[in-house]
Amino acid sequence: MITFANVETTPVALERYRALFTACFPAGAADRFTTEYLDWLYRANPDGRVVGFDAWDGETLAAHYVCLPAQARFEGQLIRVLLSLNTATHPDYQGQGLFSQLAHMCYDAATALGFDAVYGVANANSTPGFIRKLGFQLVRPLEARVGLGPLLRKESQRQPSFERHWSAAALAWRCANPNNPVTRRAAGAHWQFFAPSLSPMLPAIATLDQAPEVASVANAGWTSPARLFIGLVPDAERAYWNYASIPQRLRPSPLNLIFKPLSARVARLDPARIRFSFLDFDAY
């Protein structure tokens, strides 16, 4: 008989989750789920510990799903959101609808806790399930571009429909990813952030207009002028002349931004006004 329980963040629980990910994912994909990484991700986030549920068959962890608390701005209004993140179902329990049950339980709990929305980045295989079974909005496929130098933008007075809000504490925590630390560099009135990606010669880049001063984030030294951008820029600001789109056939899988309102304060997003980067999900 399957029973359900809130996720835990004790060392014993994190080790169980690590073992589940190892059983579910190929060796390369599972390697990043160390207990150190899970402790950083699940417990140390200054915006709060993860919200999620586990499915148990006696002493066997059958399935696991968590969402990560964060802050964002929806039409200029500060809201509490969740980032849909780790999900895994043990191979012996797949096809039983456990993920959908865990997801509905998680979103009900999040609503009761006062969260306004949940967002995520889904690949081509998982997107239909989020849309059809869980009621998410398919906002827009993420841009994947390679270019030289900064990501240029046009000036616009229109505020984004959606963007992450980074406090100093949250930004310091995000950049301290034990698997892939993020560095930063001042660029005029903006801050550029870099993370190792597919190659040391192709760091991922993100730009924040009003990033808080965070002394604990390491300054970027020399970085290759070639950069990888994965994210979205509002249509009114798009100026990709120095960044070329990566052909679909060369991408591992198209990535889609998905969104689900949880409160009356939030509605569907305007796909033309989204600001989003690798900092805002778990790509790097």
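**Close-up views of a predicted model**

**View A. Charged side chains over aromatic rings.** Arg-164 lies over the face of Trp-166, at 4.0 Å from the ring centre. The structure shown is a predicted model. In a further case, Phe-115 has the charged end of Arg-80 over its ring, 4.0 Å from the centre.

**View B. Surroundings of helix H6.** Helix H6, formed by residues 168-175, is mostly covered, with six of its eight residues buried. These are Ala-170, Leu-171, Ala-172, Trp-173, Arg-174 and Cys-175. They pack against helix H3 (35-42) and against strands S3 (60-74), S10 (190-199) and S11 (202-208). Trp-173 also belongs to a cluster that ring pairs form with Phe-21, Phe-25, Phe-33, Tyr-37 and Trp-40.

**View C. The largest nonpolar core.** This core holds 46 residues, of which Tyr-17, Tyr-42 and Phe-276 touch the most other members. Among the elements that each supply at least two of its residues are helix H1 (11-24), H3, S3 and strand S4 (77-89). Leaving aside residues up to four places away in sequence, Tyr-17 touches Val-7, Glu-8, Leu-38, Tyr-42, Asp-54, Leu-61 and His-64. Another core, of 23 residues, lies apart from the largest one and includes Leu-98, Val-118, Phe-136 and Leu-262.

**View D. The aromatic pair Tyr-107 and Phe-136.** The model contains 17 aromatic pairs. In this one, the ring centres of Tyr-107 and Phe-136 are 5.8 Å apart and the planes meet at 70°, so the pair is edge-to-face. Tyr-107 belongs to helix H4 (residues 98-112) and Phe-136 to the loop between helix H5 (127-132) and strand S6 (137-141); the pair therefore ties together parts 29 residues apart in sequence. Both Tyr-107 and Phe-136 are buried.

Notes. Residues numbered from 1 in each chain as written. Predicted model: local features only at pLDDT ≥ 70, side-chain atom pairs only at ≥ 80, totals over all residues. Heavy atoms only, no water. Buried < 20%, exposed > 50% of the residue type's maximum accessible area, 1.4 Å probe, protein only. Helix = DSSP H or I, 4+ residues; strand = E, 2+ residues; numbered from the N terminus. Contact = heavy atoms within 4.5 Å. Core = buried A, V, L, I, M, F, W, Y, C linked by side-chain atoms within 4.5 Å. Phe/Tyr/Trp six-rings, centres within 6.5 Å; stacked < 30°, edge-to-face > 60°. Lys NZ or Arg CZ within 6 Å of the ring centre and 35° of its normal.
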